[in-house]
Amino acid sequence: MPSAVITGSGPTTSTLPQPRGDLSAATVAALTGAMPWDRIPRVRPSSEEDGLLTAWIAHELHHRGFADVQDAEWTPELIAVRNEVERDLEARLRERAVGRLPESADPDVLLEYVRNDDGPSLAAHVQRSATAEQVRELLWYRSIYHLKEADPTAWTVARLPGPARAALAELQYDEYGGGRPERLHAHLFAEGMRALGLDTREGAAIDDVPVEVLEMNVTLTMFGLQRRLRGASVGHLVAFEASSSGPSRRMARGLRRLGLPEEIAAYYDEHVEADAVHEQTAARFIAGALVEAEPHLAEDVAFGVFTCLDQESRFATAMFDKWGI
């Protein structure tokens, strides 16, 4: 059972995570007034995990922030530290991608690349044989993204040329419930979490998540916040949407096999049909339009596709290792 699981409803504001090393400890101390900001740039990350958590904290200040800290979103020392962690992360991601990218950013090539991905599948495990406790743990970790679903990609909208921008805005409109708050995908996931008796506060699971989940979430926000990485953000979206419909169907079947609340199965039902449409929108009308207008971004689009699938595979492998599967 995740350590921070609670039953019933709770407060809806995020709190700072527990540090995972020197840099995240110093950042938390600065945000709470226990350390001057000018000491932060002299602190080095104790590990990749420590750096990623620090970047995640910095990114959260660009989203909804934390309930118990000052407004430090644009503090120069924190921005400098965040940029350094992001540079290291991007270098690792690009090194992994060498020789493994789709052959081109043609929409059909990208979709075929995603369809041929043979990485381990958590959704297939949930459908066939996962225990209820494994599913609860998986959803707990997934909540770091799904409780703010689509938000990191929203940063990319204004960075795209006209046709790609219009198509991404249309896709995001669906993600945000078509103007109906009760249909926000993040809200639907929260309803499922609540039905399972899990804490629905954004970021509540952060102290429990493995480094793979930290990296996935920091990467997604980094792609959105860095204009020069707009191609990677769009490529990540293509892979995310194109790899969602089938796994969502398997997740819904697995949740019902286990007799878990209908609210969480309904969240995945919503993505079966919606993401079958979204994958075409993302590949043809967002990525395709972007590369047509800015051909030099083709390799970054392919890089984003690879990174999304690679990180999902790494997360699945970590979970199967933990569960002894």
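Is arginine 96 buried or exposed? At 18% relative accessibility, arginine 96 counts as buried, because buried means under 20% relative accessible area. Keep in mind as you look around that this is a predicted model, and that every value here was computed from it.

You will find arginine 96 in helix H3. If you set aside the neighbours within four places in sequence, arginine 96 is in contact with Glu215, Phe306, Asp310 and Arg314. Another pairing to look for is arginine 96 with phenylalanine 303: they are 207 residues apart in sequence, yet their C-alpha atoms are 9.8 Å apart in space.

Now move along the chain to aspartate 106. This residue lies in the loop between helix H3 (76-97) and helix H4 (107-115). Aspartate 106 has 36% relative accessibility and therefore counts as partly exposed, a class that sits between the 20% and 50% cut-offs. The side chain of aspartate 106 reaches the backbone nitrogen of aspartate 108 at 2.9 Å. For a sense of distance, take glutamate 133: 27 residues separate aspartate 106 from glutamate 133 along the chain, and their C-alpha atoms are separated by 41 Å.

The next stop is arginine 230, found in helix H11. Arginine 230 is buried, with a relative accessible area of 5%. Which side chain does the side chain of arginine 230 meet in a polar contact? The partner is glutamate 294, at 2.6 Å.

Most residues other than glycine have a negative phi. Alanine 150 is not a glycine, yet its phi is positive, at about 80°. Its place is in the loop between H6 and helix H7 (151-157). Alanine 150 is buried as well, with a relative accessible area of 3%.

From single residues, let us turn to the spaces between them. Rolling a probe the size of a water molecule over the atoms shows where empty space is left. How many cavities of 30 Å³ or more are there? The count comes to two.

The largest cavity has a volume of about 100 Å³. Its lining is made up of 14 residues, and those nearest the centre are Tyr145, Thr153, Leu237, Phe240 and Glu241. Helix H8 (162-175) and helix H11 (230-242) are the elements that give two or more residues to this lining. H11, the helix that holds arginine 230, provides the largest share of the lining, five residues. Sorted by class, the lining of the largest cavity has six nonpolar, four polar and four charged residues.

The second largest cavity holds about 40 Å³ of space. Around it you can pick out Trp56, Glu60, Ser143, Ile144, Leu147, Lys148, Glu202 and Gly203. Here the elements that give two or more residues are helix H2 (48-60) and helix H6 (132-146). By class, this lining has three nonpolar, two polar and three charged residues.

About 1000 Å³ of space lies in the largest pocket. Of the 43 residues that line the largest pocket, Arg142, Ser243, Ser244, Pro247 and Glu312 are the closest to its centre. Several elements give two or more residues to this lining, among them helix H5 (122-128), helix H10 (211-225), helix H12 (245-257), helix H13 (262-293) and helix H14 (298-323). The lining of the largest pocket divides into 21 nonpolar, 13 polar and nine charged residues.

The second largest pocket has a volume of about 240 Å³. It is lined by 15 residues, and Leu147, Ala186, His187, Ala190 and Glu202 lie nearest its centre. Which helix gives the most to the lining of the second largest pocket? Helix H9 (residues 185-195) does, with four residues. The lining of the second largest pocket divides into five nonpolar, three polar and seven charged residues.

Technical notes:
Residues numbered from 1 in each chain as written. Predicted model: local features only at pLDDT ≥ 70, side-chain atom pairs only at ≥ 80, totals over all residues. Heavy atoms only, no water. 1 Å grid on protein atoms, 1.4 Å probe; cavity = no way out; pocket = protein on both sides within 12 Å on 5 of 7 lines; lining within 4 Å. Points joined across faces, edges and corners; volume = space filled by probe spheres on them. Nonpolar A, V, L, I, M, F, W, Y, C, P; charged D, E, K, R; others polar. Buried < 20%, exposed > 50% of the residue type's maximum accessible area, 1.4 Å probe, protein only. Polar contact = N/O pair within 3.5 Å; in protein donor to acceptor, adjacent residues only side chain to side chain. Contact = heavy atoms within 4.5 Å.
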